[in-house]
Amino acid sequence: MKITNEDALKKAIENHKSGNLEKAEFFYNGILRSDPNHPHANHNMGLIAFSTGKEEVSLSLFQTALKVDPSIEQFWSSYIRALLKLDRLEEAKSIIFQCKEVLKNNKKFIVKLERDFLAPIYNNLSFAMKTLGKLSDAINYANQAIKINPNLSEAYNNLGVALEE
């Protein structure tokens, strides 16, 4: 008996949530065989790939989900998280700015996106610039991180260290 993609997605998510990743993958792959661009199946397969240490594989799955439906916040968050895990800071920053443009009317998500992803990127860039001896860049990035998230204590630390040197 053939099941619909909608029913297969329900079964896949059910198995995914219960930790039965093999069975979840079976259902997601079934969906992708009939609809290779199915956004939720691509995204959720990306989540499985990411959680099993296959971050590079997850990127293409997240990209497909985003191309099909860029309106879903979780697709953006997952893609950015994978880029950050791979230390692709500049690419993550670029994707954040794309997301801000696409979801510009979703102010609440934009604030969360900046706080959770962009401020830490600026903080990491501040640390990298300080390490390279580029103190004015380090100060600039630390200030940007603090402006976005005044509660990011690491950014204050990076700023203080850069100013001290």
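The buried residues of helix H2 are covered by, among others, helix H1 (5–17) and helix H3. Here covering goes by contact, meaning heavy atoms within 4.5 Å. This is a predicted model, where local features need pLDDT of at least 70, side-chain atom pairs count only at pLDDT 80 or more, and totals for chains, interfaces and linings use all residues. Residues are numbered from 1 along each chain as its sequence is written, and side-chain values use heavy atoms, with hydrogens and water left out.

So who is tucked away in H2? Ala-24, Phe-27, Tyr-28, Ile-31 and Leu-32 are buried. As for the terms, buried means under 20% relative accessible area, exposed means over 50%, and partly exposed is in between (1.4 Å probe, protein chains only). Seen down the axis of H2, the buried residues fall within an arc of 140°, so they line one face of the helix. That arc is taken from the directions from the helix axis to the C-beta atoms.

Now for the partner. H2 (residues 21–34) and H3 (residues 39–51) pack at an angle of about 145°, and their axes are 9 Å apart. Axes are lines fitted to C-alpha atoms, for helices over the stretch in contact, with angles running from 0 to 180 degrees between N-to-C directions. The crossing of H2 and H3 is left-handed, that is, the near helix is turned anticlockwise from the far one by less than a right angle. On the H2 side, Leu-21, Ala-24, Glu-25, Tyr-28, Asn-29, Ile-31 and Leu-32 take part, and they meet Ala-41, Asn-42, Asn-44, Met-45, Ile-48 and Ser-51 of H3.

H8 (residues 135–148) has 14 residues and reaches 20 Å from its first C-alpha to its last, close to the 20 Å expected at 1.5 Å a residue. The expected span is 1.5 Å times one less than the number of residues. Its buried residues are Ala-138, Tyr-141, Ala-142, Ala-145 and Ile-146. They cover an arc of only 140° around the axis, which puts them on the same side of H8. The face turned away from that buried side carries exposed Ser-136 and Lys-147. Among the elements covering the buried residues of H8 are helix H6 (89–102), helix H7 (107–131) and helix H9 (153–164).

Zooming out, the protein has nine helices and zero strands. Helices (H or I, at least four residues) and strands (E, at least two) are DSSP runs, numbered from the N terminus. The C-alpha trace spans about 70 × 35 × 25 Å along its principal axes. Buried residues make up 41% of the 165 residues. Among contacts between residues at least 6 apart in sequence, 46% join residues at least 24 apart.

| Pair | Apart along the chain | C-alpha separation |
|---|---|---|
| Ser-71 and Cys-99 | 28 residues | 9.1 Å |
| Ser-153 and Asn-123 | 30 residues | 9.8 Å |

Ser-71 is found in the loop between helix H4 (55–68) and helix H5 (73–85), and at 48% relative accessibility Ser-71 counts as partly exposed. Ser-153 has its place in helix H9 and is partly exposed, with a relative accessible area of 48%.

One backbone detail is left. Asp-87 has a phi near 60°, a positive value in a residue other than glycine. Most residues other than glycine have a negative phi. Asp-87 is found in the loop between H5 and H6, and at 64% relative accessibility Asp-87 counts as exposed.
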